[in-house]
Amino acid sequence: MADLIVIAFDTEPDAEAAYNRIQELQNDLVVELAGLALVKVDGDGKTRVEYPGSAARFGLGTASGALFGTLVGILFFVPVVGLVFGGLLGALFAAMDKSGLDAEFRQRVQNTVTAGKSAVILYATKLTADKFAAALAPYHGTVVQTSLSHDQERELVHDLSATSA
């Protein structure tokens, strides 16, 4: 089971501090990450995504890395992507709707991470919930979370490879 967790923050400094703390928690084995990103949405709604130095730190395989990157794109850039690649992503959206990444989840993320806010997105394959929550409590984030079974993740990776072929 993997968890896709989006934590929204009212300020960019809080998001950056939480992002750095999550990387420390990875080193302390509190969380095992398959993906991590910092999303900053300026006052005009323009979105920037930053990833930590090396994907190798997270043990990202090609499929997992592609899945995480696609999920970040779908959560934050869907209007543009949808207009340009509408038909190509249809199968992926259909598969997402069967998993925990349905339209309701995507809408909750988009409603939570609005103009002027920042967010940390993590894709965790293992998480010590109590220690993780305690470590991030000082940053006062709003959590939106969903879980994917191994089968759902595998199906999404399969559908992703079919849309990029």
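**Helix packing, a hairpin and a pocket**

User: How do H1 and H5 pack, by angle and axis distance?

Analyst: In this predicted model, helix H1 (residues 12-27) packs against helix H5 (residues 129-136) at an angle of about 145°, and their axes lie 10 Å apart. Axes here are lines fitted to C-alpha atoms, over the stretch in contact for helices, with angles running from 0 to 180 degrees between N-to-C directions, and helices (H or I, at least four residues) and strands (E, at least two) are DSSP runs numbered from the N terminus.

User: Which residues make the contact?

Analyst: H1 contributes Ala18, Arg21, Ile22 and Leu25, while H5 contributes Phe132, Ala135 and Leu136, contact meaning heavy atoms within 4.5 Å. These residues divide into 6 nonpolar, no polar and 1 charged, where Ala, Val, Leu, Ile, Met, Phe, Trp, Tyr, Cys and Pro count as nonpolar, Asp, Glu, Lys and Arg as charged, and the others, Gly among them, as polar.

User: What about E2 and E3, parallel or antiparallel?

Analyst: Strand E2 (residues 31-41) and strand E3 (residues 47-50) run antiparallel and are joined by 4 bridges, and strands pair if DSSP finds at least two bridges between them. Val41 stands opposite Thr47 in E3, and among the 5 residues between the strands of this hairpin, Gly45 takes a positive phi near 90°.

User: Switching topic, which element gives the largest share of the lining of the largest pocket?

Analyst: That is H5, with 4 residues, and the lining as a whole divides into 11 nonpolar, 2 polar and no charged.

Terms used. Residues are numbered from 1 along each chain as its sequence is written. This is a predicted model: local features need pLDDT of at least 70, side-chain atom pairs count only at pLDDT 80 or more; totals for chains, interfaces and linings use all residues. Side-chain values use heavy atoms; hydrogens and water are left out.
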